[in-house]
Amino acid sequence: MQEAIHKKSLNNSSASADPSVVREAADRHFMRLAITQAGKALALGEVPIGCVIVREGQVISRGYNRRNTDHTTLAHAEMTAIKKACARTGDWRLDNCTLYCTLEPCPMCAGAIEQARIGRVVIGAPSDKSGCAGSVLNILENDAFNHKAEVVRGVMIEECRALLKSFFRSLRIRRN
């Protein structure tokens, strides 16, 4: 419901606003929702990574990191959200969608994004150790693949980084 209300307010303001400003506001709104998903991972003691997938201004799926909880390497936020989006749409193709993730996708998730043909990916924080949207590799914008996504980096970067830093700081304190 909140997403629909927000979409309506964006549409009402778009007549007088610069389209890039409206898109930036929408990106921030949906990244906040992804951060909320990351909070769910944090509540489980998981690395706080969250994701939402949006089609035509509506959230169609959500996901958060559950690797330790589900005992599988496949339970990344993006993988969960992609699986739910495919089930909801009844199609493996998500080309009209935007995926919002709080941390740059790893190789597995970037590959799934490319395979699902997601048209746009909005990233909060970079991942210097495993990021595959430009940090280590760039699967999402690679001309060698038959699909390339539009990638927007650094949306609410400080908030996304702060979640991760806080988690790893508390983890180090608990281990000592």
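This is a predicted model: local features need pLDDT of at least 70, side-chain atom pairs count only at pLDDT 80 or more; totals for chains, interfaces and linings use all residues.
**Entry 1: conventions.** I take contact to mean heavy atoms within 4.5 Å. I number residues from 1 along each chain as its sequence is written, and side-chain values use heavy atoms, with hydrogens and water left out.

**Entry 2: Thr-98.** I looked up the contacts of Thr-98, leaving aside its neighbours within four places in sequence, and found Val-52, Ile-53, Val-54, Arg-120 and Val-122. Thr-98 lies in strand 3, residues 97-103. Is Thr-98 buried or exposed? I record Thr-98 as buried, because its relative accessibility is 13%. The classes are buried under 20% relative accessible area, exposed over 50% and partly exposed in between (1.4 Å probe, protein chains only).

**Entry 3: the chain as a whole.** I counted 6 helices and 5 strands. Read from the N terminus, their order is α-α-β-β-α-α-β-α-β-β-α. The radius of gyration is 16 Å, close to the 16 Å that the globule rule gives for 176 residues, so the chain is as compact as a globular protein of that length. This radius is taken over C-alpha atoms, and the rule is 2.2 Å times the number of residues to the power 0.38. The C-alpha trace spans about 55 × 35 × 30 Å along its principal axes. I note that 45% of the 176 residues count as buried. Of the contacts with a separation of 6 or more, 57% are between residues 24 or more positions apart.

**Entry 4: surface and charge.** The accessible surface comes to about 9400 Å², and carbon and sulfur atoms hold 52% of it. I list 25 positive and 18 negative side chains, with the centres of the two sets 7 Å apart. Lys and Arg count as positive and Asp and Glu as negative, without His and the chain ends; each charge is placed at NZ of Lys, CZ of Arg, CG of Asp or CD of Glu.

**Entry 5: nonpolar core.** Which residues touch the most other members of the largest nonpolar core? I find Met-31, Ile-53, Ile-82, Leu-99, Ile-118 and Val-121, in a core of 48 residues. Such a core is a set of buried Ala, Val, Leu, Ile, Met, Phe, Trp, Tyr and Cys residues joined through side-chain atoms within 4.5 Å. Elements giving two or more residues to this core include strand 1, strand 2, strand 3 and strand 4 (120-125). Helix 2 gives the most, with 7 residues. Outside four places in sequence, the contacts of Ile-53 include Ile-60, Ile-82, Thr-98, Leu-99 and Ile-118.

**Entry 6: positive phi.** Glu-56, although not a glycine, has a positive phi of about 50°. Glu-56 sits in the loop between strand 1 (50-55) and strand 2 (58-64), and is exposed at 63% relative accessibility. Met-156, also not a glycine, has a positive phi of about 55°. Met-156 belongs to the loop between strand 5 (150-152) and helix 6 (157-175), and is buried at 8% relative accessibility.

**Entry 7: Asp-18.** I placed Asp-18 in the loop between helix 1 (2-14) and helix 2. Asp-18 is partly exposed, with a relative accessible area of 43%. Its C-alpha atom is separated by 30 Å from that of Ala-38, 20 residues apart along the chain.

Notes
Helices (H or I, at least four residues) and strands (E, at least two) are DSSP runs, numbered from the N terminus. Accessible areas come from the Shrake-Rupley method with a 1.4 Å probe; for residues, only the protein chains shown count as cover.
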